[in-house]
Amino acid sequence: MLFGAITNSWRNQLLERDLADLISEAEARGSRHIELRQTCLGNCEAGQGEDWRPNLDGLQAIVDRFTGLNFDLAMALPCLSQAVDSGGEQFQMALAGARIVGRENPHLRLVDPSPSEGRWESPEDIPAQALNLANLAREAASQGVVLSLENSGQTIGGMAILVEECRKQLTGEEAGFLGLCPDPTNQLRRFPDSDPLADLDSLPLDMLKIVHFKQARGGDPHPSVDTGDLDCGEMLRLLEAKGYQGPAIMEIPPHPDVFDNLTDSYDFLAAASSQ
């Protein structure tokens with residue numbers, strides 16, 4: 001597994017420090033993968049919402065400087081709550097950014113921040129507009145870009161149903177480019193009666209494109225990956241048993257001591273792995 005960090009953990013530090021400087025510190029703390037998240041890219045982005053665009057030259061400079069790190073690009077996109085044009089400028093620019101930062105393994109991670117109604121438990125629960133994801137995945141696949149969806153307002157199992165339905169609209173090769181970014185703590189916050197680790201365990205390995213580790217205690221965000229509402233050690237062992245070897249991102253909250261918290265997170269998971 002490639003333990004890594006995400007740039008939205010550095011909102012506080014980006015007010016005073018350069019993105020490249022922060023990436024350098026994350027690398028020194030043991031990070032092997034950096035998720036470059038929209039709204040937290042410093043001079044490597046411009047605009048907000050529908051007007052957001054990545055600065056492709058800036059992203060190229062980042063990956064040229066950090067040859068020992070892997071990267072993916074992440075953005076918020078209302079791709080489940082409305083039909084997004086796969087040929088639109090913003091999506092095409094995001095794909096171009098993903099190709100730059102991902103080098104030979106480009107990856108664009110999406111999350112729809114719009115609240116969803118109800119819990120998806122069968123294909124019939126999936127809203128029609130969400131199935132347009134297949135068109136986005138087809139376009140991404142044509143450019144060699146893996147597309148993954150984070151579960152923000154749904155369970156991991158519900159998102160798996162969506163991916164399975166969209167894969168039916170794709171060729172076998174295209175389907176391999178579409179998968180999930182499971183975040184069990186997101187699920188636990190929204191559906192406290194659910195079992196997100198069981199949902200994670202039920203996913204086929206080829207659907208796991210990237211995973212997020214975070215922790216909460218009593219429903220409140222915890223500054224590091226540690227003990228709490230979710231058994232993060234068991235999550236790691238479950239992923240290891242499945243043979244997952246991709247990026248494992250510490251999506252820890254912004255904090256003045258965020259890099260110490262990142263180190264603590266890595267140490268906790270390293271200890272959990274050896275148990």
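**Why is it called that?**

Guide: You'll find Arg103 in the loop between α3 (89-102) and β6 (107-111); helices (H or I, at least four residues) and strands (E, at least two) are DSSP runs, numbered from the N terminus. This is a predicted model, where local features need pLDDT of at least 70, side-chain atom pairs count only at pLDDT 80 or more, and totals for chains, interfaces and linings use all residues. Residues are numbered from 1 along each chain as its sequence is written, and side-chain values use heavy atoms, leaving out hydrogens and water.

Visitor: Why is Arg103 called partly exposed?

Guide: Buried means under 20% relative accessible area, exposed over 50%, and partly exposed in between (1.4 Å probe, protein chains only). Arg103 has 29%, so it counts as partly exposed.

Visitor: And what makes Thr39 partly exposed?

Guide: Its relative accessibility is 46%, so Thr39 gets that label too. Thr39 sits in the loop between β2 (33-37) and β3 (45-46), and its phi is near 80°, a positive value in a residue other than glycine.

Visitor: How do you know that Asp72 has no salt bridge?

Guide: A salt bridge needs a side-chain nitrogen of Lys or Arg within 4 Å of a carboxyl oxygen of Asp or Glu. For the buried Asp72, the nearest side chain of opposite charge, Arg109, is 5.2 Å away. Lys and Arg count as positive, Asp and Glu as negative, while His and the chain ends are not counted.

Visitor: Which side chain does a polar contact of 2.8 Å join to Asp72?

Guide: That of His33, at 2.8 Å. A polar contact is a pair of N or O atoms within 3.5 Å; within protein, one must be able to donate a hydrogen and the other to accept it, and residues adjacent in sequence count only if both atoms are side-chain atoms.
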